[in-house]
Amino acid sequence: MVDLFLDRVLVKNNWDQDQLNTEREITGILENRILMLFFASTECEKCQEFLPPLNDFFKRLKDPAYIEYPKLLALIYVSLDQSEEQQERFLKELHKRILFVAFEDPYRKELQAMFKVTDVPTVVVLRPDGSILSPNAVQDICRRGSDCFQAWQESAELIERSFMLNEECDNLNLRSATDPVRRLKYKTEDDKRKKKWWKLWGKGKDRYEEEEEKDENWDSKRKEGEHGVWRRR
């Protein structure tokens with residue numbers, strides 16, 4: 001699926017409209033993710049009606065304000081508008097975390113032909129391997145909202161490994177990508193402290209046993225001394 005946009009340019013729908021044009025950037029934002037290609041145009045009334053459900057769907061799965069760990073999902077808007085001004089108007093209504101293909105990029109038309117898009121709005125859903133999971137998920141999104149992502153995830157056999165360090169981290173509430181490293185560090189330090197404590201405790205135990213042994217020896221000597229005195233009498 002990443003191959004679809006290698007050697008291409010994707011644009012972020014933020015204030016600066018930052019471009020992603022290197023293999024590393026494209027791979028980092030699309031690899032191991034379910035990809036949604038949203039084909040629409042400003043003049044389409046159905047597209048305008050679909051915007052609120054789509055934005056709600058996307059923010060519930062990707063916006064940190066709504067979800068602690070954003071899902072492995074990417075949404076790319078492919079404009080079928082007749083002018084760049086129309087595209088810009090439509091982008092203002094879309095969530096700021098989506099990506100889009102620039103209006104001047106002829107790849108927009110290639111994608112439309114590649115996925116045989118003849119009607120709008122259309123949302124083509126792709127698995128991480130590039131195969132089509134749904135040729136048009138508009139109705140699913142309108143009916144089920146963000147709940148349909150779980151079905152896509154299961155169908156794509158997508159496993160979220162982002163925060164898994166080892167088996168001990170399965171149920172941890174990790175707060176950042178570096179959290180597993182910090183936890184491993186603290187775990188190592190805790191182990192060191194425990195070993196040190198056990199070592200000291202062991203020494204204390206040995207000393208206790210030595211004292212016990214001395215007491216027993218002293219008692220036995222005292223008894224022998226008492227017996228010796230009794231014999232002398």
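Which residue in E6 stands opposite Phe39?

A: Phe39 faces Thr122 in E6. The model is predicted: local features need pLDDT of at least 70, side-chain atom pairs count only at pLDDT 80 or more, and totals for chains, interfaces and linings use all residues. Residues are numbered from 1 along each chain as its sequence is written, and side-chain values use heavy atoms, with hydrogens and water left out.

The strand that holds this pair partner is E6 (residues 122–126), and five bridges join E3 to E6, the two running antiparallel. Helices (H or I, at least four residues) and strands (E, at least two) are DSSP runs numbered from the N terminus; two strands pair if DSSP finds at least two bridges between them. Seven strands make up an open sheet of mixed pairing, in the order E2-E1-E5-E4-E3-E6-E7. E2 and strand E7 (132–134) are its edges, each pairing on one side only. Strands of a sheet pair through backbone hydrogen bonds, either parallel or antiparallel.

Next comes Phe38. Together with Phe5 and Trp152, Phe38 has the most contacts inside the largest nonpolar core, which has 57 residues. Such a core is a set of buried Ala, Val, Leu, Ile, Met, Phe, Trp, Tyr and Cys residues joined through side-chain atoms within 4.5 Å. Buried means under 20% relative accessible area, exposed over 50%, and partly exposed in between (1.4 Å probe, protein chains only). With residues up to four places away in sequence left out, the residues that Phe38 touches include Phe50, Leu51, Tyr77, Phe90 and Thr122; contact is heavy atoms within 4.5 Å. In soluble globular proteins, nonpolar side chains tend to be buried together.

Arg33 is buried but has no salt bridge, and Glu31, the nearest side chain of opposite charge, is 6.8 Å away. For charge, Lys and Arg count as positive and Asp and Glu as negative, while His and the chain ends are not counted. A salt bridge is a side-chain nitrogen of Lys or Arg within 4 Å of a carboxyl oxygen of Asp or Glu. The Arg33 side chain does reach the backbone oxygen of Gly28 at 3.5 Å and that of Ile29 at 3.5 Å.

Glu43 lies in the loop between strand E3 (34–40) and helix H2 (45–62) and Arg89 in helix H3 (residues 84–93), so the bridge ties together parts 46 residues apart in sequence. Glu43 is exposed at 57% relative accessible area, whereas Arg89 is partly exposed at 45%.

The whole structure holds four salt bridges. Among them is the one from Asp56 to Arg60, with closest N and O atoms 3.1 Å apart. These two residues are four apart in helix H2, about one helical turn. Both are partly exposed: Asp56 at 26% relative accessibility and Arg60 at 41%.

Methods
A polar contact is a pair of N or O atoms within 3.5 Å; within protein, one must be able to donate a hydrogen and the other to accept it, and residues adjacent in sequence count only if both atoms are side-chain atoms.
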